[in-house]
Amino acid sequence: MASHIQKFKIALCQLLVTSDKERNIARARELIEDAALKGSKLIVLPEMWNCPLSLQNLSKYAEDIDAQDSPSISMLSEVAACHEITIIGGSIPEKANGQLFNTCCVLGPDGQVKAKHRKVRIYYFFPSDSEIKKTGDTTFRESDTLTAGDTPTIVDTDVGSIGIGICHDIRFPELAMLYRSRGAFNMSTGELLWELMQRSRAVDNQLFVATCSPARNPNAESDYMIWGHSSLVGPFGDMIATTGHDEATVAGEIDYSMIHSRRENLSLAEQRRGVIYKTVDVLGQIA
């Protein structure tokens, strides 16, 4: 496992997102700095932390990250360098080549962007006519607005190797399996209605899963109600730290010896039947 330290503190900043982008950026800075001052070396923001997840309005909040025309990423860069921390920058709407992406940037202690992950699994929801009548639900199809990324993202940081997923990405076990095969622990941002999914990914792959959600805001211009409950799950599927649905920062400790212990006691990797089934990643490597 690629890690320069064995044990460290992680903080998940469950930010209350509003339609005021400047306010969101300023508030995110406050939460990150507070967590850094309390000793966290890895800090995580939620999905779409700089604007509400309202598909029809994402384009007006979008930023050109590659052209360095991104006030959100510039703020993260400044704070990361100032406090010498690693930041998993949740996600923001990214504009590139006439398309919109749901994108997460990872910032290192030098303030540089170490990796950029574009959400791979684009969510859609088509309720039946009866469900619409009963619950008032409407169709929610991200593909009408967002373009899916096509690459898994694993980044080697000062606190270890981290695999990135955004919200719906964690629903699919294959991505976490690939990350586990490359020695990463799993990170997801976004609305997470499913504690079961977090714990399943952790237990199946014997790794840490850290998930960060926005806080619930009934007045937000969002297309769905945020669940909240940002959590840190250990390799035994144990809930190490979690929060409710209000704005809060939840912190916990990641200790890589727990992964080593779990895998020594139950060596799933050695017991896999590679002759029967294989997992192939996008680079053509067998996992």
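Let's start with the overall build: the protein has 8 helices and 15 strands, which are DSSP runs numbered from the N terminus (helices are H or I with at least four residues, strands E with at least two). This is a predicted model, in which local features need pLDDT of at least 70 and side-chain atom pairs count only at pLDDT 80 or more, while totals for chains, interfaces and linings use all residues. Residues are numbered from 1 along each chain as its sequence is written, and side-chain values use heavy atoms, with hydrogens and water left out.

Of the 287 residues, 50% are buried, meaning under 20% relative accessible area with a 1.4 Å probe and protein chains only. Contacts here are heavy atoms within 4.5 Å. Among the contacts with a separation of 6 or more, 65% join residues 24 or more positions apart.

Now look at Ser 40, in the loop between helix H1 (21-37) and strand E2 (42-44). Ser 40 is buried, with a relative accessible area of 2%. Leaving aside neighbours within four places in sequence, Ser 40 touches Lys 9, Ile 10, Ala 11, Ala 35 and Ile 85.

Next come the rings. The structure holds 1 aromatic pair, where pairing requires ring centres of Phe, Tyr or Trp (its six-membered ring) within 6.5 Å. Phe 8 and Tyr 256 form this pair, 6.0 Å centre to centre with 55° between the planes, and it is tilted (planes under 30 degrees apart count as stacked, over 60 as edge-to-face and the rest as tilted). Phe 8 lies in strand E1 (residues 7-14) and Tyr 256 in helix H7 (residues 256-265), so the pair ties together parts 248 residues apart in sequence. Both Phe 8 and Tyr 256 are buried.
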